[in-house]
Amino acid sequence: ARTAIISTLPLNNNVLTPSDWEGVIAINGVIRDIARSWNPTSQGIKWVLVQEFGNFTNQILWRNAEHIGYNITMPHFAKNNGWEKQGAEFLLHRYQGINSMRHPPSIPMVCAYHIEQPFSTNNETAG
């Protein structure tokens with residue numbers, strides 16, 4: 001193969017704290033840096049492309065949060081580097097209604113309608 005495609009990581013149920021989220025953002029930065037600084041070899045991979053899966057799915061989560069009633073300011077996704085960190089605490093609000101999951105999912109990840117508190121925002125599950 002002459003081309004390698006690396007996907008960025010999205011928010012997922014294993015992101016439990018702001019520190020976890022910072023880690024995912026840092027990993028995505030490393031992925032982009034690899035592609036940006038790749039030096040092709042004569043017999044190896046010539047191009048490294050980034051599939052912005054994380055960016056795409058995280059934008060969907062932000063849009064859904066707005067749709068279900070979170071009072072958030074929608075970032076300018078294309079122009080604002082670092083938008084994933086700005087006011088993203090709501091992504092760590094956990095829906096407590098699914099008992100079969102190891103970690104409760106993010107409300108904007110699984111809810112189609114606004115839910116009223118109580119939902120978890122404490123350090124044990126939401127950072």
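1. The buried residues of helix H2 are Gly54, Asn55, Thr57, Asn58, Leu61, Trp62, Asn64 and Ala65, as found in a model that is predicted. An α-helix has 3.6 residues a turn, so residues three or four places apart point the same way. The cover over the buried residues of H2 includes H1 and helix H3 (107-110).

2. In length, H2 counts 15 residues and spans 21 Å between its first and last C-alpha, which is close to the 21 Å expected at 1.5 Å a residue. Gly69 follows H2 and has a positive phi, near 110°.

3. Which residues does Trp62 touch, once those up to four places away in sequence are set aside? The partners are Ile72, Thr73, Met74, Pro75, Phe77, Trp83, Glu84, Gln86, Gly87, Ala88, Phe90 and Leu91.

4. The largest nonpolar core holds 20 residues, and those touching the most other members are Trp21, Trp62, Tyr70, Ile72, Phe90 and Leu91. Two or more residues of this core come from each of helix H1 (18-37) and helix H2 (53-67).

5. For the chain as a whole, the secondary structure amounts to 3 helices and 2 strands, arranged along the sequence in the pattern β-α-β-α-α. Among contacts in the chain with a separation of 6 or more, 65% join residues 24 or more positions apart.

6. Of the 127 residues in the chain, 36% count as buried, and the accessible surface comes to about 8,000 Å², with 53% of that area belonging to carbon and sulfur atoms.

Notes. Residues are numbered from 1 along each chain as its sequence is written. This is a predicted model: local features need pLDDT of at least 70, side-chain atom pairs count only at pLDDT 80 or more; totals for chains, interfaces and linings use all residues. Side-chain values use heavy atoms; hydrogens and water are left out. Helices (H or I, at least four residues) and strands (E, at least two) are DSSP runs, numbered from the N terminus. Buried means under 20% relative accessible area, exposed over 50%, partly exposed in between (1.4 Å probe, protein chains only). Contact means heavy atoms within 4.5 Å. Accessible areas come from the Shrake-Rupley method with a 1.4 Å probe; for residues, only the protein chains shown count as cover. A nonpolar core is a set of buried Ala, Val, Leu, Ile, Met, Phe, Trp, Tyr and Cys residues joined through side-chain atoms within 4.5 Å. The expected span of a helix is 1.5 Å times one less than its number of residues.
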